[in-house]
Amino acid sequence: MPGRLLRGLWQRWRRYRYRFKSQTVVCFHSSVVDMVKANQLSCEDNSMEELTHKNKQKSPSETLRYVPEESKDKVISDEDVLGTLLKVFQALFINDFNKQSDILTVLPEPVKSKYQDLLSVQHLRVKHLEYSHEEQNTFKPEEILYKTLGFSVARATSSLISAGKGVFITKGLVPKGAVVSMYPGNDTISTVYQKYEPIFFQSIGNPFIFRCLDGVLIDGNDKGISKVVYRSCNGRDRLGPLKMSDSTWLTSEIHNPLAVGQYVNNCSNDRAANVCYQEFDVPAVFPIELKQYLPNIAYSNDKQSPLRCVVLVALRDIKQGEELFSNYYTIVS
């Protein structure tokens with residue numbers, strides 16, 4: 001009996017200690033190369049041909065990606081990430097303009113006028129394209145994503161056996177280098193924890209915890225205690241009609257169609273990664289009226305630091321019907 005109990009506890013511990021779903025990147029410097037001889041990597045060898053050759057020999061659970069030092073492991077620039085998010089969020093805001101009256105009352109007049117001008121242009125386009133229809137209804141968020149970026153994404157049963165849900169390109173074409181989703185983010189918004197903040201109970205049985213390069217943790221779970229914590233933080237940070245984050249990923253009516261990144265499955269021998277994770281800190285100048293679409297929130301508001309987001313960037317062109325695959329463990333040399 002004691003032996004069976006001990007074996008049960010040991011099995012539970014083995015599952016728990018690997019509870020963190022994703023570790024973005026680990027950069028091996030010359031001082032620790034000896035620790036990774038099993039991977040046969042050398043940080044002194046910057047030849048793309050050699051790196052590509054070694055990458056083919058590696059396990060599918062690890063991906064080697066060559067990154068120039070000056071890019072700091074950015075597949076695309078922070079400016080490009082910001083530009084994409086602003087473009088999508090602004091389109092969502094204008095599409096839902098009739099429901100933004102409370103927010104508009106507290107915005108500066110120049111900002112309010114900007115959206116009214118953009119709305120007028122949009123109505124002219126709609127009237128020109130659909131002159132035979134009655135007043136145009138608002139589009140669904142996934143339709144706005146397609147009209148804005150040329151593709152849409154959604155969750156569905158994964159093509160991998162026993163992998164649960166996955167994320168697919170449901171319409172259009174994703175070009176290489178495009179931001180294709182947010183973690184957690186179709187709908188997933190997550191609570192962001194600093195290294196010193198409590199996450200033990202939230203992490204038990206939770207496969208959606210993402211560890212950033214600097215140790216910051218993002219909890220993309222939309223159930224249980226993680227859901228309760230996120231709702232609490234979301235209500236705490238609200239400023240009157242202004243929402244500082246999006247909580248609709250917890251419901252069936254999702255406002256941010258990019259917030260599905262936590263459901264992207266790991267690559268396999270047959271399915272190579274077609275997206276990769278990239279960390280992004282939301283700048284202080286981010287428009288306050290668009291924060292309602294951010295699928296992330298800080299666990300504590302005591303420390304004034306940038307809000308951490310993680311986006312998924314396409315590593316190649318991705319066609320309609322393809323499932324997204326990332327790599328939960330990436331080595332950058």
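1. Gln100 touches Phe93, Gln292 and Tyr293, leaving aside residues up to four places away in sequence; contact means heavy atoms within 4.5 Å. Gln100 lies in the loop between helix H3 (78-95) and helix H4 (101-104). With a relative accessible area of 2%, Gln100 is buried (buried is under 20% relative accessible area, exposed over 50%, partly exposed in between; 1.4 Å probe, protein chains only). Helices (H or I, at least four residues) and strands (E, at least two) are DSSP runs, numbered from the N terminus.

2. This is a predicted model, in which local features need pLDDT of at least 70 and side-chain atom pairs count only at pLDDT 80 or more, while totals for chains, interfaces and linings use all residues. Residues are numbered from 1 along each chain as its sequence is written, and side-chain values use heavy atoms, with hydrogens and water left out.

3. An open sheet of three strands has the order E5-E12-E10, with antiparallel pairing; two strands pair if DSSP finds at least two bridges between them. E5 and strand E10 (275-282) are the edge strands, each pairing on one side only. On average, neighbouring strands of this sheet are turned by 35° against each other, direction ignored. Axes are lines fitted to C-alpha atoms, for helices over the stretch in contact, and angles run from 0 to 180 degrees between N-to-C directions.

4. E10 and E12 pair in the antiparallel sense over eight bridges, and Val282 stands opposite Leu307 in E12. H3 packs on the sheet, where it touches E5, E10 and E12; the direction of H3 makes about 85° with that of E10.

5. Strand E5 (residues 179-183) is mostly covered, five of its five residues being buried. Four bridges join E5 to the antiparallel strand E12 (residues 307-314); Val179 has Val313 as its bridge partner in E12.

6. Lys176 is found in the loop between strand E4 (165-172) and E5. Lys176 counts as exposed, at 61% relative accessibility. Not counting residues up to four places away in sequence, Lys176 touches Ala314, Leu315, Arg316 and Asp317.

7. The buried residues of helix H8 (residues 224-237) are Ser226, Val229, Tyr230, Cys233, Asn234 and Asp237. Seen down the axis of H8, these buried residues fall within an arc of 135°, so they line one face of the helix; the arc is that of the directions from the helix axis to the C-beta atoms. The face of H8 turned away from its buried side carries the exposed residues Val228 and Ser232.

Terms used: The expected span of a helix is 1.5 Å times one less than its number of residues.
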